[in-house]
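This report describes how selected secondary-structure elements pack and pair. The model under discussion is predicted.

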Amino acid sequence: MARIEPTHFVFQPVQLVRPCEIVAYRITEAIRAGDVCIGERLPSELKLSEQLGVSRPTLREAIKLLVQAEIVQVVAGSAGGLFVIGDAVPVALSGLPLPESPMEDIDSAMEARRLFEPQVARMAALHATPADLERMRSAVALSKQISALPRKGRVSNEVAKRMTVASTRFNIAVARATQNSIVVQMMEVLMRRMELVRVLAVRALPDIALSTQTLTNSLRAIESGDPARIDRATVERIEILEAAWHRVSGKALRHRRLDPASYPDPFIDPTASVSPKAARPLARS
């Protein structure tokens with residue numbers, strides 16, 4: 001056999017996940033989305049283990065992780081149980097591990113949002129049920145409550161995390177409204193990639209009420225069903241976050257601006273073809 005040069009490819013370390021961590025992720029998934037709220041009692045240990053399809057020892061290990069993260073509290077006694085006490089879920093308990101991503105890649109995440117979120121919002125406007133819209137309104141209401149809290153000086157890290165909870169809840173509700181499970185999974189990954197940046201950016205906002213206002217505008221746009229209005233409201237949210245991140249990091253983002261108006265709207269006219277303005281020749285190799 002002829003000699004072959006060794007590969008220069010470097011394999012990334014495998015991030016092992018324990019069964020109890022997967023169980024914890026599944027519980028926090030419901031909490032992040034607002035399906036289970038602070039103050040609610042979770043099912044009994046027996047019922048919860050049956051619903052999740054895991055053993056009770058595995059469930060107990062997962063509960064320990066959630067207790068340590070101050071997400072749930074175990075209350076003893078006949079009126080006790082497992083209660084949700086927090087919804088600011090740490091990134092480590094927000095889902096299965098993602099490949100390591102350096103902070104320099106935040107530009108790519110912002111660019112992905114511009115490509116992804118306007119189309120998701122358009123699709124949500126077409127397929128949202130009354131329950132979907134109510135989940136969006138609930139997220140906006142939570143944001144308004146947080147904005148109304150009395151503050152002295154700069155926005156605290158705790159308040160910024162709470163605002164991020166409301167924003168995440170809204171994005172997940174919009175993704176769910178598409179009635180497409182793959183879109184929901186993609187939105188979850190994008191929100192987790194942006195978690196740290198969003199908290200820092202909220203703290204840098206000149207007025208935290210801006211976050212609530214952009215959520216309100218997005219909700220009204222989706223309710224209107226107007227694609228152009230949806231695009232404007234969605235991009236407005238992204239641009240405010242980008243500007244805040246620029247103030248925090250001092251680094252201007254590359255702006256290969258994606259203009260949704262340049263592309264046909266497949267949700268309105270499935271027969272539309274790409275306009276000459278949007279078409280670009282393929283690079284020759």
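In the contact between helices H2 and H3, Glu 45, Leu 46, Leu 48, Ser 49 and Leu 52 of H2 meet Arg 56, Leu 59 and Arg 60 of H3. By class, the residues of this contact comprise four nonpolar, one polar and three charged. The packing angle of H2 and H3 is about 100°, with the axes 9 Å apart. H2 is therefore roughly perpendicular to H3.

Helices H6 and H7 form another contact. Their axes come within 9 Å and cross at roughly 155°, which makes H6 roughly antiparallel to H7. The crossing of H6 past H7 is right-handed. Residues of H6 in this contact include Ala 160, Met 163, Ile 172 and Arg 176, while those of H7 include Val 184, Met 187, Glu 188 and Arg 203. The contact of H6 with H7 divides into ten nonpolar, five polar and six charged residues.

| Helix pair | Residue ranges | Axis angle | Axis distance |
|---|---|---|---|
| H2 and H3 | H2: residues 45-52; H3: residues 56-68 | about 100° | 9 Å apart |
| H6 and H7 | H6: residues 157-177; H7: residues 181-204 | roughly 155° | within 9 Å |

The strands form a hairpin. Strand S1 (residues 72-75) pairs with strand S2 (residues 81-84) in the antiparallel sense, over four bridges. Within this pairing, Val 74 stands opposite Leu 82 of S2. Five residues lie between the strands of the hairpin, where Gly 77 adopts a positive phi near 100°.

Note on methods. Residues are numbered from 1 along each chain as its sequence is written. This is a predicted model: local features need pLDDT of at least 70, side-chain atom pairs count only at pLDDT 80 or more; totals for chains, interfaces and linings use all residues. Side-chain values use heavy atoms; hydrogens and water are left out. Axes are lines fitted to C-alpha atoms, for helices over the stretch in contact, and angles run from 0 to 180 degrees between N-to-C directions. Helices (H or I, at least four residues) and strands (E, at least two) are DSSP runs, numbered from the N terminus. Angles under 35 degrees count as roughly parallel, over 145 as roughly antiparallel, 65 to 115 as roughly perpendicular and the rest as oblique. Contact means heavy atoms within 4.5 Å. Ala, Val, Leu, Ile, Met, Phe, Trp, Tyr, Cys and Pro count as nonpolar, Asp, Glu, Lys and Arg as charged, and the others, Gly among them, as polar. Two strands pair if DSSP finds at least two bridges between them. A crossing is left-handed if the near helix is turned anticlockwise from the far one by less than a right angle, and right-handed if clockwise.
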